[in-house]
Every structure is written in C-alpha cells, then in structure tokens.
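Subject: Structure for you to look at, with notes

Dear colleague,

Please keep the model open while you read, as the notes go from one region to another.

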Amino acid sequence: MRKISILVISVFLFFGCKQKPVVHPTFYYWRTDYQNKKAETDYLDQFKSKSLYVRMMDVDFNPDLQLPVPISPIKFSDPIPQQTDIIPVVFIVNQVFNKIDTTQTIVMADRIAKFVAAKVKQAGKQNYHELQIDCDWTKGTRNRYFKFLEQLKARPLLKGKTISVTLRLHQVKNIVSSGVPPVEKAILMCYNMGNLRKYGDQNSILDQHEMDQYLKDYLEQYPLPLDVALPLFEWAVVFRNKQYSGISKRIGKTQIEDKRLFKRRENSILYDLLIDYPAAGLKKGDVIRWEQVSAKDLLLTSKFLSRYLAPRERNLVFYHLDIDLLKHFKHEDLQKVIADF
C-alpha cells in the first residue's frame, strides 16, 4: 500500500512540475517604411522579443507584363535593432497562382529569394533564419502554390533556412481539399475570420463561434508545428445601401466617436453617418461597422487555442507593431494572453 501511495505521489509531482512550453512573443511590422520608433521598440524590449516579422512586399499579377510583380516594397529608414532578428514576410495574392505555370513559379521563387536577401541587408542584418510566405491558397491553386514552395526551398540563397507559411481556419478544417503545405511549420492566423463583406453587426476580425466551428475538432490533429498570430488592430468597414464598399483608412476611433458625424445604433457596432463626409469619400446614410478587439477577446481566444494546440515551443505574433494600436492594451493584459500558451 505504501509503494502504491509513493507511486501516485511521484506521478502527481511529475505532471504537476512539468514545465509549460516556451512561448516567444513578438509582432508583425506591416508598414512600407521601417522606422525605429522608440515607443514601438520599447514593446519589443518589454516582451523580450527576439525577432520581428517584417513584411517585405506584396506580390500580385500584372496583366500588362503578364508577370507577377512586387507591390509596395518596404524601405528601411532605420536599421532593425541589433538585438532583434528579422523574419521577412512576403504576401502573395492567391490569384497569382491561377495566372502562371510552374516554369514561371521557378522564376518568381528565384526573384523573391534575391529580393528578400537584398532587403534584409538594407535592414542592417547580415542573415536571417526564417522566411514566411503569406498566401490564402485554395483548392484550385493548391498544387501550383505547393510546387512554388518546393522550388523556393531549393533556391541556393535559402539553403539552411526555415520556410513557414500562414494558415487560415478553413485550411485547418478542410485539410483534405486544402492539403498540407510542404514546409517546416505554419502560423495559424486567428483573425479576419468572419465574412467582411456581409452586412450586419458581426465582428469579422475575431469571432469565437467561427473558431469553434473551424478549429475545435480539427486543430489538434493538424500535422505541422504551429505558431499563432493574434490581432490588435481595428478598422472601419463601410456599407452603402447595405452593400460592402470597402475599409476606410480615414475613419478612426476619434471620428467614429464624434456625435456630429456618427450615430451609434443601440447595442451595436454599426454607426450611421449623419452628414456627407467628403474627406473620407463617404455620404450621408452610409453605415460604418466599427470592428475592434479587446483584451477580453484575446484572452478568450488564447484560452480556446491552448486547449487544442499541441504543447510545444512556439512564436506568438501580434498584428501589428503600432503604438496607436498597442496603447489600447495594458502590458499585463497581453502577458495574461501569452501565459495561456
């Protein structure tokens, strides 16, 4: 009996003392000009971030040239902080893979590898260890996209480097049709998960119901190691005559709370524009859906994900490094989110 008691206590102590996996918090940098602003760099220091995910460029198809071309590449007005590694990110519009063949994807892979290497040097870095490709691939583009990833890995400039990809919720649930990309790891994008274009007062940035529907029964079995990306951003989604009109970059928290401009519908995130607002290209009667994410939303998301993610060392990436967004969150609130993983 004594031996059994000792065994039970030993097992309890083993599991009770088992350390949680290491989590590396960091951020995306998603602007076209990198400036080393102290207020933003301080966040990297506060969270002991060892790396920064930096968008290098978008890639889209140019119908005149009949080629994929770089769009809005970043410039570096300042170098990345010496103590911070750079993880370059390249966003590729999914339709590119409907327009080009596998011969052209080799050329695109080669050009991306060279472009990224040059930009990393402009950022003041001699090297990097991971390249992330951001593409919301579909069943129809899967084969060409996966072939491109294999071609990219084979570029001499990427020898010894990790290739990671972004992963959307639907690609987790629909793994048979979406396939599993031929890379070392993926990052689960836990935002932009609702129907942005659908009229109504749903929050398309972060939706707990959507996560439950797409991840609950599927996430645990996903075969690739997963990092996680969570949103900090907010935006104004514009509807005219109940039809989606776009996202207004001219409408922020200050404007949406101006009662001379907008009237909020009771218990809703919908706002009616009271007057013409030519500075933002809006007309009286337009409806704004003001979407944002709270610390409570992030905590609910982290608790949900921690139940279904395989326990392992991972990066937790907040989108994105912007003091105007970060000021809405207390340091201790984000630390609670990090601790959940």
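Predicted model: local features only at pLDDT ≥ 70, side-chain atom pairs only at ≥ 80, totals over all residues.

**Helix packing around helix 10**

The axes of helix 8 (residues 208-215) and helix 10 (residues 295-308) come within 11 Å of each other and cross at roughly 15°. Because angles under 35 degrees count as roughly parallel, helix 8 and helix 10 are described as roughly parallel to each other. The crossing in which helix 8 passes helix 10 is right-handed. On the side of helix 8 the contact is made by Q208, M211, D212 and L215, and on the side of helix 10 by D297, L300, T301, F304 and L305. Sorted by class, the residues of this contact between helix 8 and helix 10 are five nonpolar, two polar and two charged.

The contact of helix 10 with helix 12 divides into five nonpolar, two polar and four charged residues.

Within helix 12 you will also find Q335, which counts as partly exposed because its relative accessibility is 29%. Leaving out residues up to four places away in sequence, Q335 touches Q46 and F47. The C-alpha atom of Q335 is separated by 9.2 Å from that of P25, although the two residues are 310 residues apart along the chain.

**A buried strand residue**

L188 is placed in strand 9 (residues 185-189), and with a relative accessibility of 0% it counts as buried, because the cut-off for that class is under 20%. Which residues is L188 in contact with, once its neighbours within four places in sequence are left aside? They are L167, V172, L215, L219, D227, V228, A229 and L305. Among these, L215 of helix 8 and L305 of helix 10 also take part in the contact between those two helices. Computed along the sequence in residues, L188 and V317 are 129 apart, whereas from C-alpha to C-alpha they are 9.8 Å apart in space.

**Helix 4 against helix 5**

The axes of helix 4 (residues 102-122) and helix 5 (residues 142-153) come within 9 Å and cross at roughly 45°, and that angle makes helix 4 oblique to helix 5. Helix 4 passes helix 5 in a right-handed crossing. The residues that meet are T102, T105, I106, M108, A109 and I112 in helix 4 and R144, K147, F148, Q151 and L152 in helix 5. By class, this contact of helix 4 with helix 5 has six nonpolar, three polar and two charged residues.

A polar contact of 2.6 Å joins the side chain of T105 to the side chain of Q151. Apart from its neighbours within four places in sequence, T105 is in contact with F97, I100, R144, F148 and Q151.

**Backbone details in the loops**

The peptide bond that joins Y319 and H320 is cis, with omega about 0°, and H320 has its place in the loop between strand 16 (314-319) and helix 11 (323-326).

K48 is not a glycine, yet it has a positive phi of about 55°. This residue lies in the loop between helix 2 (38-46) and strand 3 (51-62), and it counts as exposed because its relative accessibility is 69%.

S72, again a residue other than glycine, has a positive phi near 45°, and it is found in the loop between strand 4 (67-71) and strand 5 (75-76). At 39% relative accessibility, S72 counts as partly exposed.

Notes
Residues numbered from 1 in each chain as written. Heavy atoms only, no water. Helix = DSSP H or I, 4+ residues; strand = E, 2+ residues; numbered from the N terminus. Polar contact = N/O pair within 3.5 Å; in protein donor to acceptor, adjacent residues only side chain to side chain. Contact = heavy atoms within 4.5 Å. Axes fitted to C-alpha atoms, helices over the stretch in contact; angles between N-to-C directions. Parallel < 35°, antiparallel > 145°, perpendicular 65-115°, else oblique. Left-handed = near helix turned anticlockwise from the far one by under 90°. Nonpolar A, V, L, I, M, F, W, Y, C, P; charged D, E, K, R; others polar. Buried < 20%, exposed > 50% of the residue type's maximum accessible area, 1.4 Å probe, protein only.
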